[in-house]
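These are my notebook entries on one protein model, set down in the order in which I looked things up.

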Amino acid sequence: MFLKSKKKSKEKPKKEKKKKKVDKVDKVNEKVAEKEHTFADVKMYRIMPLVALVGFIIMAFSFGTIIKNNHDYKVMLSRITMKKGTNLPLFQGESKGNLTVGNVIVSKDKKHLAAEIKYDDTAHQQLSAFGKKYKLYIVTSKGYRIENLSAKYGFFGTDGNGVLTVASKVPFPDEAFVVMLYDKGQLISTQDIQAQAVQDDTLDKSITKQLAGASSSSTIDPSNNSNSDTRPPVYYVRLNPASSKHVDYNWGDNERKLVDNLFVKQNIAKYKKQVRDANKKIKLAQNTLDEYNKRLKENPEDDTAQSGKEQIEQSIDSLKRQSQVATKNYKRMESYRIKKDALGEEQTNFKRLTTNNMQAFSGGSSN
């Protein structure tokens, strides 16, 4: 009896200990679960405003970077000469054809600049081919250091291109200026037979007003002109002697020398290359033709060789015609004798205007 009771008394405490351990574990689990649940909610609510703020900052920074890069790009463009092949933008009015920038050269003494203005077929039909009929404007920044500038505009042949020359008594600074061209003698088509001539004073006031009203962020864009724009077309070209091609001679008032270097020599080199390229292609094509002839000699039923032969013969004929035309142009240009007044009746009068915003003339797209 004594032994049994002693054993029972020992077993009871063990059961109580297990129960206490289970209770402690449950309480700990409840506390841990409650703590984790509360922490996740608080963390989520705290981080959401921070994420939104970071997102807003990133968006603002991105937009700011885009605006700054766009501004820097416009500033960069406004300081350099338009690239060769760039369409002359319109300051106002509707296009009467495409005018593009050709060769631009600066004399050895950096006192003379000449720019070739190319006219497409529509421009030749709608615009005058006599420089005297154009009105010129030179637009500079208000801080431009040179006061005494001179400008002339003429044509190398009535079916040729315009030649714009700007001169200074001292070397040009590394700063861009703009020359505007307005054709006072526009050719009237049947569609605009009722068009009225624009008075010089009216055009001067219009351009001056637009320059004065141009904000620092505005850009003169030809795409802004609608079909209802009745103002006369005024083209502009942006030039900076420092970013143009410099030559090792001075032409001064010698138009023969200018035209010879601006057009003749460059055209001679161009036609030479055309002849050389055409003859090189003819030689390669002839090798291919010889291959097809050998195939047909061995197998007259070779349809692939027969088809290839016909095609390559057509190509050779076309290349021979190209070579003949290029050779003819080369010989004609090489024997060309430039007359004294090579640029015809030139416009020598111009109006000088200033602006605080040269970035407004950052337009112009290269072809």
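I take helices (H or I, at least four residues) and strands (E, at least two) as DSSP runs, numbered from the N terminus. The model is a predicted one, in which I ask for pLDDT of at least 70 for local features and count side-chain atom pairs only at pLDDT 80 or more, while totals for chains, interfaces and linings use all residues. Residues are numbered from 1 along each chain as its sequence is written, and side-chain values use heavy atoms, with hydrogens and water left out.

Entry on Y249. I located Y249 in the loop between β9 (245-246) and α4 (255-298). Is Y249 buried or exposed? I call a residue buried under 20% relative accessible area, exposed over 50% and partly exposed in between (1.4 Å probe, protein chains only); Y249, with a relative accessible area of 13%, is buried. Taking contact as heavy atoms within 4.5 Å, and leaving aside neighbours within four places in sequence, I found Y249 in contact with I105, S107, K108, K257 and N261. From Y249 to N261, 12 residues on in sequence, the C-alpha to C-alpha distance is 9.7 Å.

Entry on T140. I found T140 in strand β4 (residues 134-141), where T140 is buried, with a relative accessible area of 0%. Beyond its neighbours within four places in sequence, T140 is in contact with F177, R352, L353, T354, T355 and M358. With R352 there is also a side-chain to side-chain polar contact at 3.4 Å, a polar contact being a pair of N or O atoms within 3.5 Å, of which, within protein, one must be able to donate a hydrogen and the other to accept it, and residues adjacent in sequence count only if both atoms are side-chain atoms.

Entry on helix α5. Helix α5 (residues 303-334) has 32 residues and spans 46 Å from its first C-alpha to its last, close to the 46 Å expected at 1.5 Å a residue, where the expected span is 1.5 Å times one less than the number of residues. At its start, a side-chain oxygen of D302 comes to within 3.2 Å of the backbone nitrogen of T304. I listed buried residues in α5, including A305, G308, I312, I316 and L319, and the buried residues of this helix pack against α4. An α-helix has 3.6 residues a turn, so residues three or four places apart point the same way.

Entry on the whole chain. I counted five helices and 10 strands, and of the 367 residues 37% count as buried. Among contacts with a separation of 6 or more, 79% join residues 24 or more positions apart.
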